[in-house]
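The following questions and answers examine selected elements of a protein model. Please consult the sequence and the structure as you read.

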Amino acid sequence: MIALKGKPLFEGIALGTAEVYRDSVDSAGQENLGVEGERQRYESARSAVISSLKELREKRADTLSEENLEIVDAHLAMLDDPDLADMVEEALSSGLTATQAIQMASDNLSALLEATGDEYIAQRAADVREIASQIAGVLAGKTALELVRPTVLLAVDLGVSTLLSLDRKFLSGIVLYNTGATSHVAIVIRSMGIPCIIATGDPDETLSGREVILDAERGELAADVKPEQRKEYEERSRKLAAERAVLESFRGKRFETADGRRVELCANIATPDEVNPDLVSLADGIGLFRSEFIYLDRSDYPDEETQFRAYRKVVEAFGGKRTIIRTFDIGTDKKADYFDLPDEENPALGYRSIRICRDRKDLFETQLKALLRASAYGNLAIMIPMIISEEELDYALECVAESKADLKRRGLKFNPDMEVGIMVETPAAAAISDRLAKKAKFFSVGTNDLIQYTLAVDRTNDLVARFASGHHPAVLRLIKQAAESAHANGIPIGICGELAHDSYLLPFFAAIGIDELSMSSSYILKTASELSKIDTSEVDLSKYIG
Amino acid sequence: MTSFSYVLKDPAGIHARPATQMIQQCATYKDIDIQIQCNGKTADAKRIFRVMSLGAKQGDEVTFTFDGPGEEEARASIQAFVEENF
């Protein structure tokens, strides 16, 4: 029986006894001990929470990540904050109980943080509520949650410090209620690798104490586990573990086909936050770093210095491995208000990326200069999206040359040989790829747009989305044509759209000599494994392109 | 009284995790009044909620002022931390 569904936060499956847990407490009916009495109760509860956090910090110091320790530190700083003390004191002296006082202070402070309108800070409001509920918990005489057997926790308002205090070996899985995927607690769960889904509403209390299977791949929790389900779980669990072990064996290996054809497997990223040592060691490089992040969620254009710092961070992290940053693809679905772009009837065919750059040279060159400066700190290449003509590429290269001249005048360092490639994402670019390949240093096929433009299917329109097949021979012929042009001119070609990790197309890509596939990093090992089984001499191209 | 100004370079602004460390570091200068100004708002640099509610973002200019005995040394040390981390 499927007891509930939710959104997967961290994949995996888990079997355990369900336990409903609320980090919040019911404190109705507590006696008021008078101003002085309540003041003392508050102080001793606050001290108790501080010492338990300090104890947690010491006891688990070796198993907690740097990040998790910092969260504990942030909670400690909040508990010591004079504003919190002032607000609580004000409430206490007006005759409220300690529980009411901390509740009021927590409401006020979290409202203050939420009012900044900044998502990151608003998320910190959850930290305030967490320390408040811990104090309230101590006041209500609540004892700490202790796991004694494999448990799937159905948790409401789960606090980070509660989570960290749990015995990892009994914490099989978690269903998180009413918690954002970007909250501290969600980040910590992911970093601990616990199978988890996010559900809405309120947990079903009757599940407590019953054996459940959490399937965080499908986003389901099954109750009333029957013997055959248990068997199925055990089999799947074994299979998953075995699959994972096989995939893990590809980590650090050279990614190639069975007949030894090398295909670089790179990662697509959209923000510098996605770069971590694990990714750097896993991927052959970054095949597509979307630079829109630096333009969105702000009120004015980012200056050269700001951009330079952000790009440099990523380039440096990847050391000698190549990072390809795409110049801005603002327009269509990604708009920033300050660009002041008009609404368009048909935005996908409208005013976007390089087309904006033609009119706004200043914007384009600001980005190019920042990228050039970052190129001095690692292996950086850039690519220009939405190219439909040679003239556009000429324009972009001219802007790069002007940017270099300006940096030289200003005495700033850059890599004079930084490669400039193009996205092949319009049928036009594929059709004239023989000409473009003489000027570009590499091609990267953006399959999402190539499909939509080739098949005349708006991919955001549900009525026609089913026609947007990346297996259509027309799309594949264009890719093959671009690959031939690239190789005839001695430049590499990559694929950076969704199709890059398509199992059906992988033999085709390998056979036409695609040099690099760039995808969301979670697909890299799977693709490496599939690639290792392909013999390109056995691939029948006619199966793909008719 | 002494001060320094800095334009936030970090995409996460001043509210990223190092903020806690910065506040703790400011708190060690017990006799020095340290204020942060940003976007017309002022916050006590030793108070985590005040600092966070400044909502200082990437590209914003923040000004730290130090008032009290040993203010020069405090400024140098906090400025180095801010420039390194934000």
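Helices here are DSSP runs of H or I with at least four residues, numbered from the N terminus. The model is predicted.

Q: In which helix does T20(B) lie?
A: In this predicted model, T20(B) belongs to a helix of chain B that spans residues 18-27. That helix is α1 of chain B.

Q: Is T20(B) buried or exposed?
A: A residue counts as buried under 20% relative accessible area. T20(B) touches D73(A), A74(A), A77(A) and I48(B), residues up to four places away in sequence not being counted. Its relative accessible area is 9%, so T20(B) is buried.

Q: Which strands close into a barrel in chain A, and in what order?
A: The barrel of chain A has 8 strands, and their pairing is parallel. Neighbouring strands of this sheet are turned by 30° against each other on average, direction ignored. The order is β9-β10-β11-β12-β13-β14-β15-β16.

Q: What is the bridge partner of I495(A) in β16(A)?
A: Strand β15 (residues 493-495) and strand β16 (residues 516-519) of chain A run parallel and are joined by 2 bridges. In β16(A), I495(A) has as its bridge partner L517(A).

Q: Which strands of the sheet does helix α19 of chain A touch?
A: Helix α19 (residues 524-531) of chain A packs on the sheet. Its direction makes about 160° with that of β9(A). The strands touched by α19 of chain A are β9 (264-269) and β16.

Q: How many residues of helix α16 of chain A are buried, and against which elements do they pack?
A: Helix α16 (residues 447-454) of chain A is mostly covered, with 6 of its 8 residues buried. These are T447(A), D449(A), L450(A), I451(A), Q452(A) and Y453(A). After α16(A) comes A456(A), with a positive phi near 55°. The buried residues of α16(A) pack against α14 (427-431), β14 (443-445), α17 (473-488) and β15 of chain A.

Q: Are α1(A) and α3(A) roughly parallel or roughly antiparallel?
A: The axes of helix α1 (residues 34-59) and helix α3 (residues 82-93) of chain A come within 9 Å and cross at roughly 150°. Since angles over 145 degrees count as roughly antiparallel, α1(A) is, relative to α3(A), roughly antiparallel.

Q: What is the relative accessible area of L154(A)?
A: L154(A) is placed in strand β4 (residues 151-156) of chain A. Neighbours within four places in sequence aside, its contacts are E19(A), V20(A), Y21(A), V175(A), Y177(A), P203(A), L207(A) and L221(A). L154(A) is buried, with a relative accessible area of 0%.

Q: What separates the C-alpha atoms of L154(A) and L207(A)?
A: L207(A) is among the contacts of L154(A). The two residues are 53 residues apart along the chain, while their C-alpha atoms are separated by 9.1 Å.

Conventions: Residues numbered from 1 in each chain as written. Chains lettered and ligands numbered in written order. Predicted model: local features only at pLDDT ≥ 70, side-chain atom pairs only at ≥ 80, totals over all residues. Heavy atoms only, no water. Pairing = 2+ DSSP bridges. Axes fitted to C-alpha atoms, helices over the stretch in contact; angles between N-to-C directions. Contact = heavy atoms within 4.5 Å. Parallel < 35°, antiparallel > 145°, perpendicular 65-115°, else oblique. Buried < 20%, exposed > 50% of the residue type's maximum accessible area, 1.4 Å probe, protein only.
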